Amino acid sequence: MAPLTPELVERITNSVSANFDAQIQYTQKLIQFGGQRGDEFAVQDWVFEQYASRGYSPVKIEMDPEALAGHEGAGKFSASHSHAPVVVGVHKPKKQAPEGKSLILNGHIDVVPLDPLDLWTDEPYSGRIDGDKLYGRGSADMRAGAAANVWALDSLRSIGLQPASEVILEAVVEEESTGNGTMMTHLKGYKADAALVPEPTNEQLTRANVGVLWFQVEVRGIPVHVREMGNGTNAIDACWRVIGALRELEEDWNARKVGIELHVGELKHPLNLNIAIMNAGDWASSVPAWCRVDCRIAIYPGTNAKDAAAEIEKQVADFANTDAFLRKNTPTVTWNGFFAEGYVLQPGSEAEKVLHKAHQLATGEELATGFSGAYLDSRIHVLYDNIPSLCYGPIGESVHGFDEWVSIKSLKRVTVAMALFIAEWCGVEEI
């Protein structure tokens, strides 16, 4: 690593500021592409062009269902998930600096759904600016961060410098469903000494995050006319009884904090079961014969995903055996997305020390750390690449909600911190 001089800190800070209007325009462009799950082809083509124009020799990596199925940390991939490519570009130094270290800059391009549209103040992909807020689906989560990956490097380029070590730029899909985009970069062998993932962490470093499981429960009932309701079985009613049993498991899991207390702090309920989607029945005057619910549940870091899945299946089966109808009509559990374990970023790494310094120089504040109850692709770098992965990014709100926004001032501070981190971690050389 090459220590930052006061002169270099000033030059980089001024460079970020000089380029920041262009960075915001780039970020707005990313937001305005939109692109729900499976429709990220156009935005990824544009990212590919941006990487190519900067000399990063990008490649497109296609999803490989067979390879993913063979890795324990991959999500359960299906036709409903995105087949859009992952885009990877690589900066190569003129000569690897002896003191420099390599880096992955990872950002996800995929975004979550929008409906109902009438609850948005503006068009969801507007990229509108109002004061300090840049609005739009994906503004905070995380196209602003994906843009910052590029512009942190551009800030060095603008003053005639570049990293003196290899930097890998990853623009991935499927972060919101399976984590399989970043998993594909792992399977393709991309690796570095550390990773930086600028998710909207409110300028904190994520110390630990939960694992996540997605699954679907289906119950079949006995259809009859409503006038004979007592002779049939309502699949929706039966499914809700199963959900009640899953709520009991949720409470049991939340109570298991041994070894994780330091990271969850005072949070009383870090693990949440979300009953997210329900589909059932065919006709208002027929007792519904089927009901399917899609669920998401979190697990503590250190919990094995397969073990957690087995507990869920057992909970459903055990409850069904106590229910007169479900005993004869066993509910099915299908795994259909995230099958991910959480991670803990162990303190004391050199990468974290460098980020602490860069954040303090950029903001004047000490870097705080926190726990995330959300899925993060950082887990792939930590668990399977065995490198420190620094999840650190700007302030943003309404993530996965209406009128999502990212703070422009915070994004500028974070971009400065990222550029300073790159300069010290990787070292710099003249272009």
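## Ground rules

In this predicted model, local features need pLDDT of at least 70 and side-chain atom pairs count only at pLDDT 80 or more, while totals for chains, interfaces and linings use all residues. Residues are numbered from 1 along each chain as its sequence is written, and side-chain values use heavy atoms, with hydrogens and water left out.

Helices (H or I, at least four residues) and strands (E, at least two) are DSSP runs, numbered from the N terminus. Two strands pair if DSSP finds at least two bridges between them.

## The six-stranded sheet

Let's start with the mixed sheet. Its six strands form an open arrangement in the order β1-β2-β7-β3-β8-β16. The edge strands, β1 (59-61) and β16 (389-391), each pair on one side only. Direction ignored, neighbouring strands here are turned by 20 degrees against each other on average; axes are lines fitted to C-alpha atoms, for helices over the stretch in contact, and angles run from 0 to 180 degrees between N-to-C directions.

Inside this sheet, β2 (residues 86-91) and β7 (residues 167-172) run antiparallel and are joined by five bridges. If you want to find this pairing on screen, look for His-91, whose bridge partner in β7 is Val-167.

Helix α4 (residues 139-157) packs on it, touching β3 (103-108), β7 and β8 (195-197), where contact means heavy atoms within 4.5 Å. The direction of α4 makes about 150 degrees with that of β3. Helix α11 (residues 408-426) lies across β3, β7, β8 and β16, and runs at about 150 degrees to β3.

The 19 residues of α4 reach 25 Å from first C-alpha to last, close to the 27 Å expected at 1.5 Å a residue; the expected span is 1.5 Å times one less than the number of residues. A kink of about 25 degrees is centred on Asn-149, the bend at a residue being the angle between axes fitted to the seven residues ending there and the seven starting there. Of the 19 residues in α4, 18 are buried, so this helix is largely enclosed by the rest of the structure. Buried means under 20% relative accessible area, exposed over 50%, and partly exposed in between (1.4 Å probe, protein chains only).

## Leu-411, a residue of α11

Leu-411 sits in helix α11 and counts as buried because its relative accessibility is 1%. The residues touched by Leu-411, leaving out those up to four places away in sequence, are Phe-20, Gln-23, Ile-24, Ala-144, Ala-148 and Pro-394. Ala-144 is 267 residues away from Leu-411 along the chain, yet their C-alpha atoms are separated by 7.4 Å.

Helix α2 (residues 41-53) has buried residues Val-43, Gln-44, Trp-46, Val-47, Gln-50 and Tyr-51. They cover an arc of only 155 degrees around the axis, which puts them on the same side of α2; the arc is that of the directions from the helix axis to the C-beta atoms. These buried residues pack against α1 (6-33), β2, α4 and β7. After α2 comes Gly-55, with a positive phi near 85 degrees.

Helix α5 (residues 180-187) is mostly covered, with seven of its eight residues buried. Its cover includes β1, α3 (65-69), β2, β3, β7 and α10 (378-383). Just after α5, Gly-189 takes a positive phi of about 90 degrees.

## The four-stranded sheet

The other sheet is open and antiparallel, with four strands in the order β11-β12-β10-β13. At its edges stand β11 (273-280) and β13 (332-340), each with a single partner strand, so one side of each is left without a neighbour in the sheet. Neighbouring strands are turned by 15 degrees against each other on average, direction ignored.

Strand β10 (residues 211-220) has eight of its 10 residues buried, so β10 is largely enclosed by the rest of the structure. It pairs with β12 over 10 antiparallel bridges, and Trp-214 has Arg-296 as its bridge partner in β12. Six bridges join β10 to β13; in β13, Val-333 is the partner of Val-217 and Trp-335 that of Phe-215. Helix α8 (residues 305-320) lies across β10, β12 (290-299) and β13, at about 155 degrees to β13.
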